[in-house]
Amino acid sequence: MGDSREAKRVAARLQARSLELPYVGEVPLNLDLSRRDMLKIAGYGSLAAFLAACGSTSTTGGSITATGGNMSLGSYGSDPGSKAGVKAIVDAFTAANGGTKVKLNTVDHGTFQNQITSYLQGTPEDVFTWFSGHRMRFFADKGLATPIDDVWNAVKSNYTAGFEASIKGNDGHAYAVPTDYYPWAVFYRKDVWAAKNYTVPTNWDDFKKLCEQMKKDGLTPIAFADKDGWPAQGTFDILNLRMNGYDFHVNLLTGANGQKWTDPKVAQVFKKWSEITPYYSPGFKGLTWEQGADQLLRKQAGMYLLGLFVSDEFKASGKQADVDQLDFFAFPDVGSQYDAEKALDAPIDVYMVTKKSPTLSNDLGQAKAFMEFMAKGSTQVLYWKNAPGSIPTANDADTSQYPALTKKAVDIVSKAQKITQYFDRDSRPDYSGPNGMQGFLLRFLSNPTSDTTSLQKDMQSFWDSLPPE
Amino acid sequence: MATATAVAGARIRRTPRGRRLKPARMVLHAFLFLVAILWLFPLAWALFMSLRTYGDTALHGYISWPTDGLTLTNYQTFWTQGELPLFYLNTLLVVIPGVTLTLILASMVAFCCTQFSWKFNLTVLMLFTAGNLLPPQVLVVPLYFIYTHTPIAMLGSIDIGSFSFALFSDNNLLYDQYIGLILIHVVFQTGFATFVLSNYMKTITKEITESALVDGANVFRIWWSVILPLCRPALAAMATLLFTFMYNDFFWALFLLKTGDKRPITTALNNLQGEFFVNNNLIAAGALVACIPPILVYIVLQKQFISGLTLGSTKG
């Protein structure tokens, strides 16, 4: 502890000294340096701009697309297969489009989805991977996607009307190019069914009888896994589509035409659903979809209503013999007038052009060329070879290489008169999440036979509490 | 703290040679044993999972004896599919400048606040300490907009193979840049580092500073040639702590980086999750591999860690 007077004296001297600290004088020198740097940077910058301009002048007269140059692509395809597929597409595009350099940014699927709003408002890539349906229209309405009617007009002869409808925004413009899809259906193992002489049920009563028989045979009739909340929405979708029809379903999910969740038709869906809940896997609230698929794989469960991606789990288990046993059938009729629609969930994945990409003004021609390239069957088959769970959408895709399961999937989707995108793609995101529909369905599933009036009231009041989109 | 007192206590109390086994001691050991198992169980379970193939666990469930035997394929896949070396390099690019900058800045503040008395001495120190109380999550949204609107010079890049490190920025913005990530780490760690370093510097007598002043050294010189060498143990302790803090960061890299390939190793673990399919065995292997560097740092610099925990716990 020094003498306090002494300390004060030193402090005073220090203050006096700090006024004349030598490096104050360095500041102008620094500024000078940075000014020179700035000039240098400006020089390099204009040189780069000049070179870039040279590179992209090869635009063909009058065409909306451009060759050479650069573009960037933001992809959520983080699965090993998807990653390889996108890489193959990008390489093929570069080769086909006069050496256009594609900067590919792959972000893991979950993060990409969670951050999409800030991503599209920040500094997105020129082109990005996304979903069709309400989720696409939402961002189109917000002005965060570039309409691509010119591209669509050039490629639409390669698509069916169902796909065309799926990429139109609320303003009637085209916003995306559909590249792949997969259907939801009831999956089963052929060997298990052959051993027990089960036949595919085509109506509700047969379906329930089959469940009863499976229960007697010691199987879990229907594998069900809802830990993550979203798988249960698939059952709600298909029941609502079969019982109340496509138009009712779409109105309900978007709140259009004053459609309310308190409608007695919704109560009917829950009532019908409660007839098959006794056949579900025990403890399904703690099971992930992979664990549900494992029950099918291990021959413990008889059926499983899920997307085609269930085959991923069969493949990951490492045995081709198991994959070969996988088969599916369309959800049975329930005896309503809407059975004829054969509607089902078949989510479509799309590519879109962003609006706020800092490089888009330079790259728009290349981006549009890429979108046209994505609409080719040959491009989509390239992707499908790496990620077989996703089926090409283009008419000219070479279907001869498809295995039986994929052919069947194409078949059931082409027979469907109406196609929906899945609950969380057709409804608003904040309603389909854990606080909304996911939670409500779990509530229903914990006591399926009880009256759903209060549940439906809560569903509607939650809907009403959401801010306007 | 508990560890520190235990260590100190053990040193003071010499244990008598022929001691009897007291029941209280047995209970204590049983308790410690149990707690150790509780702590080690998740790690051991992750290790067990990571050594089994996905097919094996899918067929037999996670609670089962491995029928296919244990393999290292998950680690192999992680190394190749996860592009591990790249992400480790990313981490280093963030952590090394981050730790260095934090220590330089924090030691400057601590030096001024402890070695000289001026009016706002305590206020400045309190300001820096108070910064620690701010939860970073609160700042995410404003920070995102600041980052996407702050222009940063683009000065070319250093390319090593497929890896490209942009000097300052490759998109003229602070967003999606290593430099942005480094800055946010520096900002959030400087408070804590200042607090600890100033407590340590308080134990250095002011006479040293004063005699240096008398000898004609300027303030910068005193900080660099007198105080910093004296603080070496504290700086080493802080460096190891800061290394683990910045290494463990998952949050900032997720929000302030857009490019998947720029992510540090911790955030890159997320890349192993696909759209639908998640290979938990592979993720367990990845998480264990990502754990190794901090564990190594801890083992090598254990002494510094413990002294780091007790830094400033006694008044000088």
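Me: How much of chain A counts as buried in this predicted model?
Reply: Of its 469 residues, 52% count as buried. The cut-off for that word is under 20% relative accessible area. Chain A has 22 helices and 12 strands.

Me: How do you know which contacts in chain A join residues at least 24 apart, and what is their share?
Reply: Take the contacts between residues at least 6 apart in sequence. Of these, 76% join residues at least 24 apart. Contact here means heavy atoms within 4.5 Å.

Me: Why is A:Y182 called buried?
Reply: Its relative accessible area is 6%. Buried means under 20%. Therefore A:Y182 is buried, with its 6% set against that limit. The residue is found in the loop between β4 (176-181) and β5 (184-189) of chain A.

Me: What is in contact with A:Y182, leaving aside its neighbours within four places in sequence?
Reply: The partners in chain A are A:G307, A:L308, A:F309, A:D345, A:A346, A:P347, A:G389 and A:R425. Chain B contributes B:F276. As for C-alpha separation, A:Y182 and A:Q421 are 239 residues apart along the chain, yet 9.8 Å separates these atoms.

Me: What makes a set of residues a nonpolar core, and which members of the largest one touch the most other members?
Reply: The members must be buried residues of the listed nonpolar types, joined through side-chain atoms within 4.5 Å. The largest such core has 136 residues. Those touching the most other members are A:W130, A:F236, A:W261, A:W273, A:M303 and A:Y431. Helix α11 (residues 231-254) of chain A gives the most to this core, with 8 residues. At least three residues come from each of domain 2 (59-181 + 348-396) and domain 3 (184-345 + 405-465) of chain A. Another core, of 53 residues, lies apart from it and includes B:L51, B:A193, B:I204 and B:A285.

Me: Which residues is A:W273 in contact with, leaving aside neighbours within four places in sequence?
Reply: They are A:F224, A:A232, A:T235, A:F236, A:L239, A:Y280, A:L441, A:F444 and A:L445.

Me: Why is B:I104 called partly exposed?
Reply: Its relative accessibility is 35%. Partly exposed runs between the 20% limit for buried and the 50% limit for exposed. So 35% puts B:I104 in that class. B:I104 is found in helix α5 of chain B.

Me: How do you know that B:I104 can belong to a surface patch?
Reply: Patch residues need over 30% relative accessible area. B:I104 has 35%. The nonpolar patch covers about 530 Å² and is made by B:L101, B:I104, B:L105, B:M108, B:F220 and B:W224. Two elements of chain B give two or more residues to it: α5 (84-115) and α10 (219-230). The largest share, 4 residues, comes from α5 of chain B.

Me: What are the corresponding totals for chain B?
Reply: Chain B has 15 helices and 2 strands. Of its 316 residues, 44% count as buried. It exposes about 17600 Å², and carbon and sulfur atoms supply 72% of that. Among its contacts between residues at least 6 apart in sequence, 68% join residues at least 24 apart.

Definitions and conventions. Residues are numbered from 1 along each chain as its sequence is written. Chains are lettered from A and ligands numbered from 1 in the order in which they are written. This is a predicted model: local features need pLDDT of at least 70, side-chain atom pairs count only at pLDDT 80 or more; totals for chains, interfaces and linings use all residues. Side-chain values use heavy atoms; hydrogens and water are left out. Buried means under 20% relative accessible area, exposed over 50%, partly exposed in between (1.4 Å probe, protein chains only). Domain bounds come from an automatic or database domain assignment. Patches are made of residues with over 30% relative accessible area and no salt bridge: like charges are joined within 9 Å, nonpolar side chains (Val, Leu, Ile, Met, Phe, Trp, Tyr) within 5 Å. Accessible areas come from the Shrake-Rupley method with a 1.4 Å probe; for residues, only the protein chains shown count as cover. A salt bridge is a side-chain nitrogen of Lys or Arg within 4 Å of a carboxyl oxygen of Asp or Glu.
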